[in-house]
Amino acid sequence: MSEKERLTRRDFMSIAMWAIGGVIGAAFGIPAVAYIIGPAARKQEDQGWIRLGAASKVELGSPTLFKSKIEKQTGWITNEEELSVYVLTENGRNFTAMSNICTHLGCRVRWIADQEQFFCPCHNAAFAKNGDVVSGPPPRPLDQYQVKEEDGQLFVLGG
Amino acid sequence: MITKIANWFDERVGWKAVWETIFLRKIPKVNWLYTLGSATLFTAVNQAVTGILLTIYYVPTPDHAYDSVQYITTQIPMGWLIRGLHHWGASAMVILTVLHMLRVILLGAYKYPREVTWFTGVFLLLVVVGFGFTGYLLPWDQKAYWGSSVGTRIAGSTPVVGDWILRVMRGGPDLSAITLVRFFGVHVWVLPASLILLLGIHMYLVIKIGISAVPKREEE
């Protein structure tokens, strides 16, 4: 290092090599990340209002299970899936629609009529009639759907 | 700081000597034709990276292969780019491999003491062609199907053992699901393993022996 630090030809080539290598690395790396996280970043398509069935089928004061078929697009495959919803009404006019998916780790809960509780077999969780947690590990009550009644038919808003 | 970390590692793993042997080795004064091997290596890395990415979505069965490829191309962000790089990179790799081979032949680089490097290179060429042949079927479109149908039939025209070769390649008399999966298995497991092994020997020898110089007229 005599006067200033002179950039030798060798140093210049070395820097240029690293720079070009970096550009090539980024040209692969950035698209690769977009490519991998693509499906995860995709917004779930809206299912719209899903018809459950006749509102008259709901027993007063007892959660009634409705099953409807929905079409789900996963990747390039369109699947028909079953959506299970428990509907509860105390007066025949106001309805609550609850998902049968346990809020703990996603197992399916079922209504045990003589115990007046929803029961999840995976980790012995119990939910009350209105979906509140009675015992077990779930962090929150059963998820609810937006529900409406039209011409005696029940609909939930799927998403 | 960086120098300190680098030295800490070097003291324990000795990477600097390895680095110098591979990247800072002395080479004779040569011309640009001598970069064809490195260019081929670059396309090989490109094929490996993009190929691994493609397997994240690609499904090698007749009912999903075409749709999954279309999904990659049209739905996945940058999917068109990844597939395009793999598609065009394949052609580039075959062309560069052949050009590299021509340079080695025409400039006499295959001679003593580099015969073994040449032998591994011959097998590497076969591996590259094998990659091209098996990869061609995987998109499972009309071109792929009939291309591989014709390709396996050409192999089947071998005297005496031809029919047997055709059946082994197709996994039966017809081009079927079995053909697709075995082409896929060969394309992503058998050939890459062979490539890594052969390329390892090839590169070891290139570094160990050093590259050949441009041939000169004998001076009397």
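Which strands form the open sheet of four strands in chain A, and in what order? I began my notebook with this point, bearing in mind that the model is predicted.

**Entry 1: the sheet of chain A**

I traced the open sheet and found the order β2-β3-β4-β9, with antiparallel pairing. I then looked at the edges. Strands β2 (64-74) and β9 (144-145) of chain A stand there, and each has a single partner strand, so one side of each is left without a neighbour in the sheet. For background I noted that strands of a sheet pair through backbone hydrogen bonds, either parallel or antiparallel.

I followed one pairing in detail. Strand β4 of chain A, residues 95-99, pairs with β9(A) in the antiparallel sense over two bridges. Within β9(A), Y145(A) is the bridge partner of A97(A).

**Entry 2**

I next looked up strands β10 (residues 147-150) and β11 (residues 153-158) of chain A, which pair in the antiparallel sense over four bridges. V147(A) has V156(A) in β11(A) as its bridge partner.

What lies between the two strands of this hairpin? I found two residues there, and D151(A) takes a positive phi near 50 degrees. I recorded that D151(A) is a residue other than glycine with such a positive value. It is found in the loop between β10 and β11 of chain A. D151(A) counts as exposed because its relative accessibility is 79%, and the cut-off for exposed is over 50%.

I noted another residue other than glycine with a positive phi, E116(A), where the value is near 55 degrees. E116(A) has its place in the loop between β5 (110-112) and β6 of chain A. Is E116(A) buried, partly exposed or exposed? I found it partly exposed, with a relative accessible area of 44%.

**Entry 2: two further residues of chain A**

I looked up P121(A) in the loop between β6 (117-120) and β7 (125-127) of chain A. At 45% relative accessibility, P121(A) counts as partly exposed. From P121(A) to E80(A) I noted 25 Å in space, C-alpha to C-alpha, and 41 residues in sequence.

I then turned to A41(A), whose place is in helix α1 (residues 9-41) of chain A. A41(A) counts as exposed, at 62% relative accessibility. A41(A) and K129(A) are 88 residues apart in sequence, and their C-alpha atoms are 36 Å apart in space.

**Entry 3: chain A as a whole**

I listed one helix and eleven strands in chain A.

How does the radius of gyration of chain A stand against that of a compact globule of 159 residues? I noted 28 Å for chain A, whereas such a globule would have a value near 15 Å. The C-alpha atoms of chain A fill a box of roughly 95 × 35 × 25 Å along the principal axes. Of its 159 residues, 29% count as buried.

I also recorded that chain A exposes about 10400 Å², with carbon and sulfur atoms supplying 53% of it. Its side chains include 17 positive and 18 negative ones, and the centres of the two sets lie 8 Å apart. Among contacts in chain A with a separation of 6 or more, 46% come from residues 24 or more positions apart.

**Entry 4: chain B**

I counted nine helices and zero strands in chain B. Its C-alpha trace spans about 60 × 55 × 30 Å along the principal axes. Of the 220 residues of chain B, 31% count as buried. The accessible surface of chain B comes to about 14000 Å², and 71% of this belongs to carbon and sulfur atoms. I noted 18 positive and 12 negative side chains in chain B, with the centres of the two sets 4 Å apart.

Which residues is H100(B) in contact with, leaving aside its neighbours within four places in sequence? I found L36(B), G37(B), T40(B) and H202(B). H100(B) has its place in helix α5 (residues 79-106) of chain B. H100(B) is buried, with a relative accessible area of 18%.

The bond from Y112(B) to P113(B) is cis, with omega near 5 degrees. P113(B) is found in the loop between α5 and α6 (115-137) of chain B.

Notes:
Residues numbered from 1 in each chain as written. Chains lettered and ligands numbered in written order. Predicted model: local features only at pLDDT ≥ 70, side-chain atom pairs only at ≥ 80, totals over all residues. Heavy atoms only, no water. Pairing = 2+ DSSP bridges. Rg over C-alpha atoms; globule rule 2.2 N^0.38 Å. Buried < 20%, exposed > 50% of the residue type's maximum accessible area, 1.4 Å probe, protein only. Contact = heavy atoms within 4.5 Å. Areas by Shrake-Rupley, 256 points an atom, 1.4 Å probe, with all protein chains shown as cover. Lys, Arg positive; Asp, Glu negative; His and termini not counted. Charge placed at Lys NZ, Arg CZ, Asp CG, Glu CD.
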